[in-house]
Amino acid sequence: MAGDHAHDHGHDHPHEHVHGHDHDHGHGLWGQVKHALTPHSHDHTEAIQSAEESSREGIRAAWISLAGMGITAGLQIVIVAISGSIGLLADTLHNLGHLATTIPLIIAFRIGRRPPSRRYSFGLRRAEDLVGLLISAVIAVSAGLIIWESLRAFVEPRPLTNLGWVLAAAIVGALGNEVVARYRISVGRRIGSAALVAEGQHARTDALTSLAVIGGVAGAWLGFPQADAIVGLLIAAVILGVLVSSLRISIRRLMDGIDDGTLDRIEGVARGVPGVRGVARARARWSGHRMEADLDVTVDPGLTVEQGHDVAVAVHRALVGSVPHLDHASVHVEPAGAECVVGLSPAGPPAAGG
């Protein structure tokens, strides 16, 4: 039987989305803190199935959060200028880093909406993954600046002034960043954008470090001026920890890595389609905030080409309707018993066949 590929994107039947966690953060207080600070992907129950709609949501979320963080950073810059707080300067630099990386993220979302071309036949959605690396680079630079300024302040302590204003700025920064973090993470999970989720996690880290500035203020009130520098170093350590986690996710996606359990879900949905006897091969990868898959399914050898094509279309519809963030699936139909002739063999590349 000739191979049939399903390209029908319609899915007008009701379906449910699977929500699963394929990672373990442990239990107790530390587990909750690790879960909050570690960027990770979720298959959300409210995952958006339309690529165009998800891109619009991502752009809207980036602009709204950009405005929120801009207001927060602006207030903090003024207070840094009149107080000289290194801890607050560290927090403000990280906020400015987020502002610098949000613009490229918006550009990447827009580029990813362009249709495929003869040169870029898979489209340009990978621009979003490249921006993830840029985000990591900017955060690394901000962490380096924070460490440098903190060490200088530790060796040569600077007197803090207007401590009440510094305390107020820390509270404003914590509240503003947490609001932005919740919004970014929520939208990022719904559209499947690792870059947007990572940006939200960075904002949440800023919220925690804003609270840490309070420690520097308390140290100054207690006559320990080096407390401000120590807080700056602690902030840098937290930022570096989040940086490593974010970079791991970005590299995994650029290397076509997917979350554990994704292929199991794809194969399970395909096997449940009437007419499918088994799944000989399955692959999937992320392209920006959307996922693509291709698989070989086996059917009754007695089916006609037209009947095999109908099975392939049914598999495609079931996958797009049931697997969150899946934008397209190429389905190849094989007669049962011919798996060793058609498709991938364990020993090497695909054998010739149709």
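This is a predicted model: local features need pLDDT of at least 70, side-chain atom pairs count only at pLDDT 80 or more; totals for chains, interfaces and linings use all residues.
Helix α8, which spans residues 262-271, has as its buried residues Thr262, Arg265, Ile266, Glu267, Val269 and Ala270. The elements against which these buried residues pack are the strands β1 (278-287) and β2 (290-299), together with helix α9 (305-322).

Strand β2 also holds glutamate 292, a residue whose relative accessible area of 15% places it among the buried positions, because buried denotes a value under 20%. When residues up to four places away in sequence are left out, the contacts of glutamate 292 are Phe122, Arg283, Ala284, Arg285, Ser287, Leu326 and His328. As for pairs formed between aromatic rings themselves, a search of the whole structure returns zero.

On the surface, a nonpolar patch is formed by Leu130, Leu133, Leu247, Ile251 and Met255, which together have about 460 Å² of accessible area. Helices α4 (127-155) and α7 (227-254) each contribute at least two residues to the patch, whereas methionine 255 belongs to the loop between α7 and α8. Methionine 255 is classed as exposed because its relative accessible area, 67%, lies over the 50% cut-off.

The loop between α7 and α8 also contains aspartate 256, for which phi takes a positive value near 65 degrees in a residue other than glycine. With a relative accessible area of 34%, aspartate 256 is partly exposed, because this value falls between the limits of 20% and 50%. A positive phi, here of about 70 degrees, is likewise found at histidine 325, which is not a glycine. Histidine 325 is located in the loop between α9 and β3 (326-335), and its relative accessible area of 0% means that histidine 325 is buried.

Key: Residues are numbered from 1 along each chain as its sequence is written. Side-chain values use heavy atoms; hydrogens and water are left out. Buried means under 20% relative accessible area, exposed over 50%, partly exposed in between (1.4 Å probe, protein chains only). Helices (H or I, at least four residues) and strands (E, at least two) are DSSP runs, numbered from the N terminus. Contact means heavy atoms within 4.5 Å. Rings of Phe, Tyr and Trp (its six-membered ring) pair if their centres lie within 6.5 Å; planes under 30 degrees apart count as stacked, over 60 as edge-to-face and the rest as tilted. Patches are made of residues with over 30% relative accessible area and no salt bridge: like charges are joined within 9 Å, nonpolar side chains (Val, Leu, Ile, Met, Phe, Trp, Tyr) within 5 Å. Accessible areas come from the Shrake-Rupley method with a 1.4 Å probe; for residues, only the protein chains shown count as cover. A salt bridge is a side-chain nitrogen of Lys or Arg within 4 Å of a carboxyl oxygen of Asp or Glu.
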